[in-house]
Amino acid sequence: MKYQHFMRYFFPLFFYLVFIFFLSSLSLPPQENYKLGNKISFIDNYEHIIEYFLLSFLFFRAINHANFRLKKNPFFYAIFFAILYGIIDEIHQMFVPLRGFDIYDLLANIIGSSFIVVFKVFKRD
């Protein structure tokens with residue numbers, strides 16, 4: 001039963017964390033051509049918002065089905081851990097060739113992570 005519980009709630013989270021890390025490790029991501037000169041395309045920011053919304057949802061889902069104290073406020077911890085991972089991800093990109101820390105990506109990560117609050121508004125107790 002514990003194995004099924006882990007595979008259902010925690011494995012998707014760990015898999016997605018590794019997937020984000022892998023994408024961040026690519027020197028030339030496919031979306032790099034969206035940035036033209038000084039103009040920053042917002043398509044990349046939308047991708048970050050969706051990516052980190054999904055991450056905060058997976059954190060929420062894992063925390064909500066865990067057997068430890070974080071269950072008292074799973075929305076807060078889901079947002080906190082997703083934002084923390086977003087910060088770590090942007091710092092990691094500083095060490096990847098042709099990549100770097102981007103404050104706009106970080107802001108998009110924070111916005112996307114915070115969208116999980118929508119579930120709290122519609123959650124029925």
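In which helix is the place of asparagine 45? Asparagine 45 belongs to helix H2, which covers residues 42-64. The model described in this report is a predicted one.

**The chain as a whole**

The protein chain contains 5 helices and 0 strands. Its pattern, read along the sequence, is α-α-α-α-α. The chain has 125 residues, and 35% of them count as buried. Among the contacts with a separation of 6 or more, 71% join residues 24 or more positions apart. The accessible surface of the protein chain amounts to about 8,500 Å². Carbon and sulfur atoms account for 70% of that surface.

**Helix H1**

Helix H1 comprises residues 2-25. It has 24 residues and spans 32 Å from its first C-alpha to its last, which is close to the 34 Å expected at 1.5 Å a residue.

A nonpolar patch lies on the surface of the model, formed by Tyr3, Phe6, Met7, Phe11, Phe14, Phe15, Phe19, Phe22 and Leu23. Together these residues have about 890 Å² of accessible area. Methionine 7, a member of the patch, is located in H1. Methionine 7 counts as partly exposed because its relative accessibility is 31%, a value between the limits of 20% and 50%.

| Residue | Relative accessible area | Class |
|---|---|---|
| Asparagine 45 | 10% | buried |
| Methionine 7 | 31% | partly exposed |
| Leucine 98 | 62% | exposed |

Asparagine 45 is classed as buried because its relative accessible area, 10%, is under 20%. Leaving aside neighbours within four places in sequence, asparagine 45 is in contact with Tyr104, Asp105 and Ala108.

**Leucine 98**

Leucine 98 sits in the loop between helix H3 (74-93) and helix H4 (103-114). With a relative accessible area of 62%, leucine 98 is exposed, because this value is over 50%. What is the phi of leucine 98? It is positive, at about 65 degrees, although leucine 98 is not a glycine. Most residues other than glycine have a negative phi.

How values were computed:
Residues numbered from 1 in each chain as written. Predicted model: local features only at pLDDT ≥ 70, side-chain atom pairs only at ≥ 80, totals over all residues. Heavy atoms only, no water. Helix = DSSP H or I, 4+ residues; strand = E, 2+ residues; numbered from the N terminus. Buried < 20%, exposed > 50% of the residue type's maximum accessible area, 1.4 Å probe, protein only. Contact = heavy atoms within 4.5 Å. Patch = residues over 30% accessible without salt bridge, like charges linked within 9 Å, V, L, I, M, F, W, Y side chains within 5 Å. Areas by Shrake-Rupley, 256 points an atom, 1.4 Å probe, with all protein chains shown as cover. Salt bridge = Lys/Arg side-chain N within 4 Å of Asp/Glu carboxyl O. Expected span 1.5 Å × (residues − 1).
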